[in-house]
Amino acid sequence: MSGRAQLMWDEAVTGYDFGRDHPMDPVRLALTRSLVGALELDREVAVVAAKTAGESTLRLVHREDYIDAVRAASADPAAADQSYGLGTTDDPAFAGMHEASALIAGQSVGAAEAVWRGEALHAVNFAGGLHHAMPGAASGFCVYNDAALAIARLLELGAERVAYVDVDVHHGDGVQAAFWEDPRVLTVSLHEHPRTLFPQTGWPEETGADSAQGSAVNVALPAGTGDEGWLRAFHAVVPELLADFRPQVLVTQHGADTHFEDPLAHLAVSLDAQRAVQVACHELAHEYADGRWVALGGGGYAVVEVVPRSWTHLVGIAAGKPVDPVTMIPESWRQEVYARTRQLGPMRMTDGRWPVSWASWEAGYDPADRLDQAVLATRRAVFPLRGLLP
């Protein structure tokens, strides 16, 4: 197996553009790719543009009538059928929507294929992670669910166990729904509690269909959770489940919207903690999945201050050249930021909280603590279904 990582990138993914006033500004993708280049990380990876996902690939997850509706809205945005979630405030229709969405899906599917076939050990598609799209509807800024499509393609290629770990601030509802009845896929989502955030799903009691009990795992974190609690929750749940499941491939989603500066959510996580979870996912892939790791982007709406730095760290980790948090950001990139956005870019690759620390679950828990209550609710709901002690 090649040890080299792949970075999936095609400039045309920036055509996934819901319009000027929409929070999901594609400039976040362009600035991430530019920062990867400014720090010379693209010398450490194979930059690959995969082909667009075709009809047969999209149908691994999405219904034919929905794909037809996306195509129709793409050709004539004014005629978008809102019964499919298209042409809504969250998912406005735009010309070329099908093509851009299928291209992003193709990058994630291509990443999965490269890792499964041994062409790369790790593959990153930071334009992906569009985890809310359902088999028959757009949702939450997501048209095609590239994460679910990548997993479905792995199963089609012969994988028998695929683990999906989602640390976006929003519940990974579309991926969970796609594999709700499939015990071959373990979906784990850490997210802000559904009481306070879209999509109002991801309760700990959501554990999979009768045919796949214990294959869906949800950690619903209290609003305001910061670095220590976020990392404590991750390490209290994810490693033990992966040790039990022994996936052949680990697929992870790294939405940057857990950050304290994100305008659409209410967690208080730093860039440094996001980097710590990226490092942990890399290590877990090597420990339990023979190193096979597909890493995706996701949400993130602090499009200058947070997203490019977070996903550049992800690329560096996958490339085997992690960026030191104290690294100064090249002035050339900061000038590009100002030219594109009229905002001042960050100076360093850290929020000043590195190294981050947390208290291990094994050292004990506090039943009166809201974060510990959330972790315990998940462990009690899922662990016994997998033969593990809660």
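Reply: Let us start with one term: the axis of a helix is a line fitted to its C-alpha atoms over the stretch in contact, and the angle between two axes runs from 0 to 180 degrees between N-to-C directions. Please bear in mind that the structure above is a predicted model.

Me: By what is the packing of two helices described?

Reply: Two packed helices are described by the angle between their axes and by the distance between those axes. Here, helix H4 (residues 97–116) packs with helix H5 (residues 146–157) at about 35°, and their axes are 8 Å apart. The crossing of this pair is right-handed.

Me: Which residues make the contact of H4 with H5?

Reply: H4 contributes Ile104, Ala105, Ser108, Val109, Ala112, Glu113 and Trp116, while H5 contributes Asp146, Leu149, Ala150, Arg153, Leu154 and Leu157. Sorted by class, this contact has nine nonpolar, one polar and three charged residues.

Me: How are H7 and H11 oriented to each other, roughly parallel or roughly antiparallel?

Reply: An angle under 35 degrees counts as roughly parallel, and one over 145 as roughly antiparallel. Helix H7 (residues 227–245) and helix H11 (residues 370–382) pack at about 15°, with 9 Å between their axes; H7 and H11 are therefore roughly parallel. Their crossing is right-handed. Among the contact residues are Arg232 and Glu240 of H7, and Asp372 and Arg379 of H11. By class, the contact of H7 with H11 has seven nonpolar, two polar and four charged residues.

Me: At roughly what angle do the axes of H7 and H8 cross?

Reply: The axes of H7 and helix H8 (residues 271–288) cross at roughly 10° and come within 11 Å, which means that H7 is roughly parallel to H8. The residues in contact include Trp230, Leu231 and Phe234 of H7, together with Val277, Leu284 and Tyr288 of H8. This contact of H7 with H8 has 14 nonpolar, two polar and one charged residues.

Me: Let us turn to the sheet. What is the order of its eight strands?

Reply: Strands of a sheet pair through backbone hydrogen bonds, in either a parallel or an antiparallel manner. In this structure, an open sheet has eight strands in the order E2-E1-E3-E8-E7-E4-E5-E6, and the pairing is parallel. Strands E2 (45–48) and E6 (216–221) stand at the edges with a single partner strand each, so one side of each has no neighbour in the sheet. Direction ignored, neighbouring strands of this sheet are turned by 15° against each other on average.

Me: How many bridges join strands E4 and E5?

Reply: Strand E4 (residues 162–166) and strand E5 (residues 185–192) pair in the parallel sense over five bridges. As an example, tyrosine 164 has threonine 187 in E5 as its bridge partner.

Me: Where is the peptide bond cis, and what is omega there?

Reply: A cis peptide bond joins phenylalanine 198 to proline 199, with omega of about 5°. Proline 199 lies in the loop between E5 and E6. The bond from tryptophan 354 to proline 355 is also cis, with omega near -5°. Proline 355 is in the loop between helix H10 (331–341) and H11.

Me: What is phi of phenylalanine 141?

Reply: Phi of phenylalanine 141 is near 75°, a positive value in a residue other than glycine. Phenylalanine 141 is placed in the loop between strand E3 (122–125) and H5.

Me: Which residues does the UniProt domain annotation cover?

Reply: The unreviewed UniProt entry carries the annotation "domain: Histone deacetylase" for residues 22–315. Over residues 22–315, the chain is 38% helix and 12% strand, and the end C-alpha atoms are 26 Å apart.

Note on methods. Residues are numbered from 1 along each chain as its sequence is written. This is a predicted model: local features need pLDDT of at least 70, side-chain atom pairs count only at pLDDT 80 or more; totals for chains, interfaces and linings use all residues. Side-chain values use heavy atoms; hydrogens and water are left out. Two strands pair if DSSP finds at least two bridges between them. Helices (H or I, at least four residues) and strands (E, at least two) are DSSP runs, numbered from the N terminus. Angles under 35 degrees count as roughly parallel, over 145 as roughly antiparallel, 65 to 115 as roughly perpendicular and the rest as oblique. A crossing is left-handed if the near helix is turned anticlockwise from the far one by less than a right angle, and right-handed if clockwise. Contact means heavy atoms within 4.5 Å. Ala, Val, Leu, Ile, Met, Phe, Trp, Tyr, Cys and Pro count as nonpolar, Asp, Glu, Lys and Arg as charged, and the others, Gly among them, as polar. UniProt positions are given in the numbering used here, feature names are shortened, and annotations may be inferred rather than shown by experiment.
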